[in-house]
Amino acid sequence: IAHHAYSTGATGQFRINTPVWINLEYLSAEPFVERSHGLPSPIMGGPAKGWTKHFFYPGFSARTGGLLREPDLLQRQQAFVRGGPNTGQRTKWVAQRGIEATPGETLVSLFCYEPTALPALLAQLDTQPTPTHLLVTAGRAGAAMRKFMDNGPTLRQVRISYLPALTQVDFDHLLWTCDLNFVRGEDSVVRALWSGKPLVWQIYPQDDDAHIAKLDAFLNMLGAQADLRAIHRVWNAGPSHPGTATLPVIDLPSWSRTAQANRERLLQMDDLTTQMLQFVLKKR
């Protein structure tokens with residue numbers, strides 16, 4: 001991202017001054033992000049010799065560039081959920097997806113890769129006293145669920161609905177509608193954080209479990225309790241760890257308090273776009 005500053009020379013012609021050059025990096029809660037955010041990197045050769053680019057890291061603390069957040073996001077969410085879980089737009093949105101919602105069910109969204117712990121999750125949910133309604137997203141999550149259910153056991157306390165492909169707006173609506181959200185990847189975990197709902201994140205798997213350090217840093221940032229850390233460990237187990245470990249009992253009230261506390265903390269920070277613009281103006 002480069003912001004060009006223009007000025008008028010003695011001849012009255014416009015010329016382009018040295019731009020503010022930003023390398024927008026990937027999202028992580030690891031300690032190096034705070035150390036590296038905003039650091040300059042001079043260009044020593046080539047057409048851009050003499051310019052300086054700066055590393056700009058999104059992040060979860062005041063010493064980073066923050067997270068993407070639209071100015072009206074909170075207002076849209078409040079309007080959507082107004083009236084409680086079984087009234088208003090939430091009920092209407094579920095019905096528009098061709099899904100019949102039953103009062104008293106725990107709504108759980110599933111947006112994942114192919115977690116080896118999927119059978120363990122379904123087995124646990126099937127033992128809960130409250131029925132669970134799984135809203136499974138299209139793509140890899142839906143394919144993984146269908147593959148398992150083709151040969152899987154009969155579920156008595158779990159109902160499964162398969163969603164069509166969703167727009168970004170409708171993905172937000174899904175997160176706002178559910179009582180627990182399983183999400184994957186960086187963009188979706190940010191949207192899940194803004195929802196303020198309990199979440200379990202499947203980080204993109206890498207060879208030799210290199211992604212686990214990034215996952216642990218995220219959980220440290222959340223201040224996650226032991227059971228929330230444990231379910232993330234099992235949910236993110238790779239093929240070499242077949243996911244046979246017992247999942248901890250899902251504790252929605254406790255996980256909800258963690259999610260809401262982090263949401264309130266993150267809302268105190270300027271969003272990523274605002275911080276980038278402020279950074280550019282300081283460097284001009």
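Reply: The model is predicted: local features need pLDDT of at least 70 and side-chain atom pairs count only at pLDDT 80 or more, while totals for chains, interfaces and linings use all residues. Residues are numbered from 1 along each chain as its sequence is written, and side-chain values use heavy atoms, with hydrogens and water left out.

Helix α7 (residues 185-195) gives the largest share of this lining, four residues. Helices (H or I, at least four residues) and strands (E, at least two) are DSSP runs numbered from the N terminus. By class, the lining holds eight nonpolar, two polar and four charged residues; Ala, Val, Leu, Ile, Met, Phe, Trp, Tyr, Cys and Pro count as nonpolar, Asp, Glu, Lys and Arg as charged, and the others, Gly among them, as polar.

Helix α7 also packs on helix α10 (residues 252-267), where the axes come within 8 Å and cross at roughly 100 degrees. Axes are lines fitted to C-alpha atoms, for helices over the stretch in contact, and angles run from 0 to 180 degrees between N-to-C directions. The two helices, α7 and α10, are therefore roughly perpendicular, a term for angles of 65 to 115 degrees. In this contact (heavy atoms within 4.5 Å), L193, W194 and S195 of α7 meet R263, L266 and L267 of α10. Four of the contact residues are nonpolar, one is polar and one is charged.

Next comes the sheet. Its five strands lie in the order β9-β8-β7-β10-β11, forming an open sheet with parallel pairing. Because β9 (158-162) and β11 (199-202) stand at the edges with a single partner strand each, one side of each is left without a neighbour in the sheet. From one strand to the next, the twist averages 15 degrees. Strand β10 (residues 180-184) pairs with β11 over four bridges, pairing being defined by at least two DSSP bridges. V183 has W201 of β11 as its bridge partner.

A further helix pair is formed by α4 (residues 118-125) and α5 (residues 140-151), which pack at about 70 degrees with axes 11 Å apart. That angle makes α4 roughly perpendicular to α5. L118, P119 and L122 of α4 meet A144, M145, F148 and M149 of α5. The contact of α4 with α5 has seven nonpolar, no polar and no charged residues.

Technical notes:
Angles under 35 degrees count as roughly parallel, over 145 as roughly antiparallel, 65 to 115 as roughly perpendicular and the rest as oblique.
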